[in-house]
Amino acid sequence: MSGYDTCTSGRVVVGVSGSLGSVTALRRAATEARRRETELWPVLAWEPPGGELAARRSPAPPQLVEEWQGLARERLLGVLDEVFGEAGPPGVPLHGLVVRATPGLALVETADREEDILVVGAGRRGWHRVLSGRVARYCLAHAHCPVLAVPPSPLEEALTSAHRRNTWHLPLDVRRLAC
């Protein structure tokens with residue numbers, strides 16, 4: 001991945017998937033890049049349906065792989081547009097990257113310098129962390145640079161709580177959702 005390097009100073013590398021947690025991490029990463037006056041590298045990792053093991057057993061036609069790569073690129077551009085919107089780029093050089101790999105591996109290999117900062121969404125709190133937060137744990141265990149794990153936004157917590165209450169058909173007090 002070091003072939004993608006364009007600057008000699010550290011970068012702020014952030015994992016982007018389109019989830020609320022990754023959007024929160026992207027906003028924090030942009031703030032961090034502005035503060036450090038360095039480049040922002042949003043990375044979207046993708047794998048073929050069924051994962052790499054299934055792809056090795058039964059390779060997809062090259063046209064299909066190109067289509068999946070294109071869809072990943074569109075998703076990254078959509079998230080960047082959603083987050084930065086009409087305000088435009090975040091005020092620092094932006095280098096979006098789409099990588100065919102598992103998210104943790106893609107992030108750790110992209111943030112391959114000691115001067116880099118790797119920003120990831122920390123996932124949900126509580127017992128849900130057992131099921132989520134695998135990417136953040138992988139990055140914390142394998143990165144060779146500092147890792148900033150961004151907790152979920154209060155809005156994400158409120159939406160998760162509302163969804164859980166809805167799923168279990170429990171009464172919802174909308175006054176608790178007002179900020």
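Hi everyone, a word on the ground rules. Residues are numbered from 1 along each chain as its sequence is written, and side-chain values use heavy atoms, leaving out hydrogens and water. Because the model is predicted, local features need pLDDT of at least 70 and side-chain atom pairs count only at pLDDT 80 or more, while totals for chains, interfaces and linings use all residues.

Let's start with the sheet. Five strands make an open sheet in the order E3-E2-E1-E4-E5, with parallel pairing. Helices (H or I, at least four residues) and strands (E, at least two) are DSSP runs numbered from the N terminus, and two strands pair if DSSP finds at least two bridges between them. At the edges sit E3 (97-100) and E5 (147-150), each pairing on one side only. On average, neighbouring strands are turned by 25° against each other, direction ignored; axes are lines fitted to C-alpha atoms, for helices over the stretch in contact, and angles run from 0 to 180 degrees between N-to-C directions.

Look at E2, residues 39-46: four bridges join this strand to E3. Val-43 has Leu-97 in E3 as its bridge partner.

Now the helices. Helix H1 (residues 20-36) lies across E1, E2, E4 and E5, running at about 175° to E1. Helix H5 (residues 134-142) touches E4 and E5, where contact means heavy atoms within 4.5 Å.

Is Arg-11 buried or exposed? Arg-11 is buried, at a relative accessible area of 1%; buried means under 20%, exposed over 50% and partly exposed in between, with a 1.4 Å probe and protein chains only. Arg-11 forms a salt bridge with Asp-112, with the closest N and O atoms 3.1 Å apart. A salt bridge here is a side-chain nitrogen of Lys or Arg within 4 Å of a carboxyl oxygen of Asp or Glu. Arg-11 lies in E1 and Asp-112 in the loop between helix H4 (103-110) and E4, so this pair ties together parts 101 residues apart in sequence. Asp-112 is partly exposed, at 32%.

Finally, back to H1. Arg-35, exposed at 59%, comes to 2.5 Å from Glu-32, N to O, whereas for partly exposed Arg-28 the distance to Glu-32 is 3.8 Å.
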